[in-house]
Amino acid sequence: MGVQGASLMTTFKPGPETSRAFRDALGQFATGVTVVTTMTRDGPIGITANSFASVSLEPPLVLWSPAKASSRYKYFENARHFAIHVLSCGQDRIAAGFARQWAAFDGLDVTRGVEETPLIEGCLARFECELEVAYDAGDHLIVVGRVFRAMMGAGDPLIFSSGRYGCFAQADD
């Protein structure tokens, strides 16, 4: 069995002159889609992020990585409490809203958690976190949160690949 598309592979060294190609190569990795929310002095804000990963089961730790160039970075770099919402298939409007706006909460069922953290109802999973530690990582910050409450629903995840949202489809056997 051959690898589909292998003959179309291009090799390059990541750097300033190949930044678009590097970004496109990273985009070949399909990820889940999350919205991270926190409460600030300016009110509730959220941001769409696909840089989410589990870190540890004991203690329960997860991470995400906001871009330093984001206008919302200053709110998340020191946030003591935040919630990570895993979006389900069909919630691409929510993802797109928070990718463009700080407060795309209009029309959403939102409750409040610890420190008034906005909690979006109806997502596939949610992790309420307290900041454990943050690490400088180039043009991003790696934020590790200790999960103190989690919830999950049923459904298929929203995914992101090559600049587009989509839904998970089972492969035929």
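**Pockets and their linings**

Modeller: Start with the second largest pocket: β2 gives the largest share of its lining, three residues. Keep in mind that this is a predicted model.

Colleague: What makes M39 a lining residue of the second largest pocket?

Modeller: A lining residue has an atom within 4 Å of a pocket point. M39 is one of the 13 residues that line this pocket. Among those nearest its centre are also T40, R41, Y75 and A79.

Colleague: Which elements each supply at least two residues there?

Modeller: β2 (34-40) and α2 (73-76) do. The pocket holds about 280 Å³ of space.

Colleague: How do you know how many charged residues line the second largest pocket?

Modeller: Asp, Glu, Lys and Arg count as charged. By that rule the lining has five charged residues, with five polar and three nonpolar.

Colleague: Now the largest pocket. What is its volume?

Modeller: About 1,200 Å³. Its lining has 31 residues. R23, L26, N50, H140 and F160 lie nearest the centre.

Colleague: Why is F160 put among the nonpolar residues, and R23 among the charged?

Modeller: Because Phe counts as nonpolar and Arg as charged. The whole lining has 13 nonpolar, 13 polar and five charged residues.

Colleague: Which element gives the largest share of that lining?

Modeller: α1, with six residues. β3 (43-49) and β11 (158-161) each supply at least two, as does α1 (19-26).

Key: Residues numbered from 1 in each chain as written. Predicted model: local features only at pLDDT ≥ 70, side-chain atom pairs only at ≥ 80, totals over all residues. Heavy atoms only, no water. 1 Å grid on protein atoms, 1.4 Å probe; cavity = no way out; pocket = protein on both sides within 12 Å on 5 of 7 lines; lining within 4 Å. Points joined across faces, edges and corners; volume = space filled by probe spheres on them. Helix = DSSP H or I, 4+ residues; strand = E, 2+ residues; numbered from the N terminus.
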